[in-house]
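Here are my notes for a colleague who is new to this structure. Please read them with the model open.

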Amino acid sequence: IVALLPNAIAIAGHTDATPFRGQGSNWDLSADRANATRRLLADGGIAEGRIRSVTGHAERDPLLPDQPGAAANRRVAIPLIRQQPEPAAR
């Protein structure tokens with residue numbers, strides 16, 4: 001579906017509130033999750049120029065705020081950007 005639309009893309013990785021065990025943190029895990037999604041989209045034919053941001057949000061933006069440990073909070077969001085940002089004033 002994303003390939004059929006002309007919109008720019010933002011990619012955001014998220015985790016649940018469970019502390020990450022291993023090297024890194026929930027910040028690293030969420031950013032790695034978003035970057036892996038970027039690579040998959042690029043491998044699938046999405047032009048790199050369409051991707052505006054790749055961010056990790058750790059557990060800071062749960063899908064289910066009343067259930068911080070829920071598996072549903074571990075996700076990647078791929079919002080389509082409706083318009084280009086206005087150029088910065090000089």
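1. Terms and basis. Helices (H or I, at least four residues) and strands (E, at least two) are DSSP runs, numbered from the N terminus. The model is predicted: local features need pLDDT of at least 70, side-chain atom pairs count only at pLDDT 80 or more, and totals for chains, interfaces and linings use all residues. Residues are numbered from 1 along each chain as its sequence is written, and side-chain values use heavy atoms, with hydrogens and water left out.

2. Overall layout. Along the sequence they follow the pattern β-α-β-β-β. The C-alpha atoms fill a box of roughly 40 × 35 × 25 Å, taken along the principal axes.

3. Burial. Of the 90 residues in the protein, 26% are buried. Buried means under 20% relative accessible area, exposed over 50%, and partly exposed in between (1.4 Å probe, protein chains only).

4. Strand E1. Seven of the seven residues of E1 are buried, so the strand is largely enclosed by the rest of the structure. Both faces are covered. Ala8, Ala10, Ala12 and His14 lie on one side, with Ile9, Ile11 and Gly13 on the other.

5. Partners of E1. Two strands pair if DSSP finds at least two bridges between them. E1 runs parallel to strand E2 (residues 51-56), joined by five bridges. Here Ile11 stands opposite Val54. With strand E4 (residues 80-81), E1 pairs in the antiparallel sense over two bridges. Ile9 faces Leu80 in that pairing.

6. Thr15. Where does Thr15 lie? It sits in the loop between strand E1 (8-14) and helix H1 (26-43). Thr15 counts as buried because its relative accessibility is 2%. Its side chain makes a polar contact with the side chain of Asn26 (3.4 Å). A polar contact is a pair of N or O atoms within 3.5 Å; within protein, one must be able to donate a hydrogen and the other to accept it, and residues adjacent in sequence count only if both atoms are side-chain atoms. The Thr15 side chain also reaches the backbone nitrogen of Glu59 at 3.4 Å.

7. Ile1. Ile1 is placed in the segment before E1. At 78% relative accessibility, Ile1 counts as exposed.

8. Contact means heavy atoms within 4.5 Å. Among contacts between residues at least 6 apart in sequence, 73% join residues at least 24 apart.
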